[in-house]
Amino acid sequence: MSMVDVKAVLTQGSPAHSTSSPTRALIPANTHVFHGRDILVTELVGVLVGGSQRHICLLGPGGMGKTSTSLAVMNHPDVEARFAEHLRVWVPCVKAPSTALLIDTLCTSLGISTKSGNPFSDILSVLRTSPPIVLVLDNFETPWSAAEGQSEVEQVIRDINRIPHVTLFVTIRSSSPPCEELPWHHVNLRAVDATAARNIYLSWHPKGNEDPELPGLLELIGHMPLAVTLMAKFAASTGLSAEDVAEKYKTLGTAVMGHGLDAKTSMDICIGLS
């Protein structure tokens, strides 16, 4: 199974919604377990529907829920009312480790089939004649961190930024947004609180509700949403108590996720993709 497939399983991505513009890559459905980000989602929805050109950038390490938060924002009723379905476009940058592949991914996501010989020019032409539109650049660290060509990626972002009715919504494993001079509303995602972490765990492993050692396990893994999810799945599949899972984690680290679970929920792979 490819790493892209792993992330699709982890985020519980459902097929894209029905569409009036079938050639565009639409926003996937929300993850079905999502806790602890309600205030942030409301804040970001307000940025999108506020009318001013402010791009959004969700920062932070893998496993904090940047992608799932972006989905919750983009599928919010207020955002759906502001931007028609085909004007909320999903751009999966995990498949784009170069400027050329980023441009190719943008063409695919926007449903651009015309070939003028300059695909980026085609992208800009489509965007300039579009109504207000949001491009969600998920996992933008892939093109941004490529060994060569960051200046070219910067130019792509700056050229799109010059179109006033285009909003960029970037998720990236980083501590700062790309092209920092742009009008970003950026948020560095941290771990969720203890209550949200518990709710995530119990969504996957309800039998853990009576386990007195559960708070200790959740604290051990830092309330990180992805780690909580994978620990809960591990406990559910093995029948181990929270105390036993914690002991295995202390001994084996993230490799504990390889015991009793298949590659779809390998912690080492999934954290790198979140």
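Biologist: What should I know before reading numbers off it?

Modeller: This is a predicted model, so local features need pLDDT of at least 70 and side-chain atom pairs count only at pLDDT 80 or more, while totals for chains, interfaces and linings use all residues. Residues are numbered from 1 along each chain as its sequence is written, and side-chain values use heavy atoms, with hydrogens and water left out.

Biologist: OK. How many helices and strands in the protein chain?

Modeller: The protein chain has 13 helices and five strands. Helices (H or I, at least four residues) and strands (E, at least two) are DSSP runs, numbered from the N terminus.

Biologist: And what percentage of the residues is buried?

Modeller: Of the 274 residues in the protein chain, 50% are buried. Buried means under 20% relative accessible area, exposed over 50%, partly exposed in between (1.4 Å probe, protein chains only).

Biologist: What about contacts between residues at least 6 apart in sequence?

Modeller: Of those contacts in the protein chain, 74% join residues at least 24 apart. Contact means heavy atoms within 4.5 Å.

Biologist: Let's go to α3. Why call it largely enclosed?

Modeller: Nine of the nine residues of α3 (residues 66–74) are buried, so the rest of the structure largely encloses this helix. Lys 66, Ser 68 and Met 74 are among them.

Biologist: Pick one. What does Thr 69 touch?

Modeller: Thr 69 sits in α3. Its relative accessibility is 0%, so Thr 69 counts as buried. Leaving out residues up to four places away in sequence, Thr 69 touches Phe 34, Arg 37, Leu 40, Val 41, Leu 44, Leu 58 and Leu 189.

Biologist: Now helix pairs. At what angle do α6 and α8 cross?

Modeller: The axes of α6 (residues 119–128) and α8 (residues 150–161) cross at roughly 25° and come within 10 Å. That makes α6 roughly parallel to α8. Angles under 35 degrees count as roughly parallel, over 145 as roughly antiparallel, 65 to 115 as roughly perpendicular and the rest as oblique. Axes here are lines fitted to C-alpha atoms, for helices over the stretch in contact, with angles from 0 to 180 degrees between N-to-C directions.

Biologist: Which residues meet there?

Modeller: From α6, Phe 120, Leu 124 and Leu 127 meet Val 156, Asp 159 and Ile 160 of α8. By class, the contact of α6 with α8 has five nonpolar, no polar and one charged residues. Ala, Val, Leu, Ile, Met, Phe, Trp, Tyr, Cys and Pro count as nonpolar, Asp, Glu, Lys and Arg as charged, and the others, Gly among them, as polar.

Biologist: Zoom in on Leu 124. Buried or exposed?

Modeller: Leu 124 has 8% relative accessibility, so this residue counts as buried. Leaving aside neighbours within four places in sequence, Leu 124 is in contact with Asp 159, Ile 160 and Ile 163. Leu 124 and Asp 159 are 35 residues apart in sequence, and their C-alpha atoms are 8.0 Å apart.

Biologist: How about α9 and α11?

Modeller: The axes of α9 (residues 194–204) and α11 come within 8 Å and cross at roughly 35°. The α9 side has Ala 197, Ile 200, Tyr 201 and Trp 204, which meet α11 residues including Pro 225, Val 228 and Lys 233. The contact of α9 with α11 has ten nonpolar, one polar and one charged residues.

Biologist: Which residues of α12 are buried?

Modeller: In α12 (residues 242–252), they are Ala 242, Val 245 and Ala 246. They cover an arc of only 100° around the axis, so they lie on the same side of α12. The arc is that of the directions from the helix axis to the C-beta atoms. These buried residues pack against α10 (214–220) and α11 (225–238).

Biologist: What follows α12?

Modeller: Gly 253 does, with a positive phi near 65°.

Biologist: Which residue other than glycine has a phi near 60°?

Modeller: Asn 139 has that positive value. Asn 139 lies in the loop between β3 (133–138) and α7 (141–144). At 4% relative accessibility, Asn 139 counts as buried. Cys 179 also has a positive phi, near 50°. Cys 179 is in the loop between β4 (166–172) and β5 (184–188), and is buried with a relative accessible area of 5%.
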